[in-house]
Amino acid sequence: MDGRDFLLGGVAAMGATLFTNPLEVVKTRMQLQGELAAKNTYHKPYRGVIDAFVTIAKNDGYWALQKGLVPSLYFQFGINAVRLGIYNAALNSGYTLSPNGSQSLWKSALWGGIGGFIGSALTSPFLMLRTHLQSQASASIAVGYQHKHTGMVSALREIFRKHGIQGLYRGVSVTMPRAMLGSGGQLAGFGVSKDFLSRNPLYRDQSERIVSLMSGIAGGTVMAITMTPPDVVATRLYNQGVDNQGKGLYYKGVFDCTIKIYKTEGIADLYKGFWPHYMRIGPHSMLVLMFFDELKSMQKVYIQKTSDLSSCK
């Protein structure tokens, strides 16, 4: 297992996050909007993706669209370093192939899911802090529980001081299956699509970048569909306030949260924030996987040049 694959996966994800974090802010706000309230009984400060962008910029300033960027970069580096590193190691070892030599959908999903499961377990505190910071807003447009953090480091210290390691890993029980579904779906969609397009005569002559672009879009679509319901639950669990014992004020756990959303808001609201989620995941997935492929290509060129220089001595 090449450690460089882990590093390249993390760096690729950080580059993509710089562009897609504003959509993550919008998605988080829309998922918290109308929390535990019946339809048509609450004020909706965010009536759609475009309206949310305008509302946030107008009330909190343009930089508010990059709230939670620092923990988001840490989270994306950690989870993608692990999941892309594990997936690429499995890919290079032939563990994702069918007996006929083509990419196997279920094997790709399995290795992508394993990577996402492990990566999310390691990076859960940063996902929680990202949610806390992204939900912070001025009173007129605030949704969900409002945490009073002034930054990532101070928040980590405060939560650890009050509730210990357990407090930092609140919500991990949903983020691991969330990441397993999303990562497995994304990498399976990407790997199988890329294999199909590379073998198809219509696309065989296309550049590697075009094939990676189209495969990234396919992977992002699968990821958004499979990941949104557990992502809504994760956002609610991470963002809820806690009592002095560290227990959630609104939800006891994953099943309790899911049932309460279904009963009070309706089953369709498990897909709250789907469009900003899809609009974020599509470009994010595309950029991460494209950057990853590009960085791997650059790595191969560098290794080849180094090898050529060494042989000339």
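Cavities, a pocket and a helix pair

Modeller: Helix 1 (3-32), helix 4 and helix 7 each give at least two residues to the lining of the second largest cavity. Keep in mind that this is a predicted model.

Biologist: Which helix gives the most to that lining?

Modeller: Helix 7 does, with four residues.

Biologist: What is the volume of the second largest cavity?

Modeller: About 40 Å³.

Biologist: And which residues line the second largest cavity?

Modeller: The lining is made of Glu24, Lys27, Thr28, Leu127, Arg130, Thr131, Arg178, Asp231, Ala234, Thr235 and Tyr238.

Biologist: How does that lining divide into nonpolar, polar and charged?

Modeller: Three are nonpolar, three polar and five charged.

Biologist: How many cavities of 30 Å³ or more are there?

Modeller: The count is three. The largest cavity holds about 170 Å³ of space. It is lined by 16 residues, and the closest to its centre are Gln76, Arg83, Met223, Met227 and Arg280.

Biologist: Which elements give two or more residues to the lining of the largest cavity?

Modeller: Helix 3, helix 6 (172-199), helix 7 (208-239) and helix 9 (274-312). The largest share is that of helix 3, with five residues.

Biologist: What about the classes in the lining of the largest cavity?

Modeller: Six nonpolar, six polar and four charged residues.

Biologist: Back to Gln76. Where is it found, and is it buried or exposed?

Modeller: Gln76 is in helix 3. Its relative accessible area is 5%, and the limit for buried is under 20%, so Gln76 counts as buried.

Biologist: What does Gln76 touch, not counting residues up to four places away in sequence?

Modeller: Ala13, Thr17, Ala81, Arg130, Arg280 and His284. Of these, Arg280 is also one of the residues closest to the centre of the largest cavity, while Arg130 is in the lining of the second largest cavity.

Biologist: Which helix has the largest share of the lining of the second largest pocket?

Modeller: Helix 5 (residues 152-168), with three residues. By class, the pocket lining divides into four nonpolar, ten polar and three charged residues.

Biologist: Leu156 next. Where does Leu156 lie?

Modeller: Leu156 is also in helix 5.

Biologist: What does Leu156 touch, leaving out residues up to four places away in sequence?

Modeller: Phe126, Leu129 and Leu168.

Biologist: How many residues apart along the chain are Leu156 and Phe126?

Modeller: They are 30 residues apart, with a separation of 8.9 Å between their C-alpha atoms.

Notes. Residues are numbered from 1 along each chain as its sequence is written. This is a predicted model: local features need pLDDT of at least 70, side-chain atom pairs count only at pLDDT 80 or more; totals for chains, interfaces and linings use all residues. Side-chain values use heavy atoms; hydrogens and water are left out. Ala, Val, Leu, Ile, Met, Phe, Trp, Tyr, Cys and Pro count as nonpolar, Asp, Glu, Lys and Arg as charged, and the others, Gly among them, as polar. Contact means heavy atoms within 4.5 Å. On a 1 Å grid over the protein atoms alone, a cavity is a set of points where a 1.4 Å probe fits but cannot get out, and a pocket is an open set with protein on both sides within 12 Å along at least five of seven lines; lining residues have an atom within 4 Å of a point. Grid points are joined across faces, edges and corners, and a volume is the space filled by probe spheres set on the points. Buried means under 20% relative accessible area, exposed over 50%, partly exposed in between (1.4 Å probe, protein chains only).
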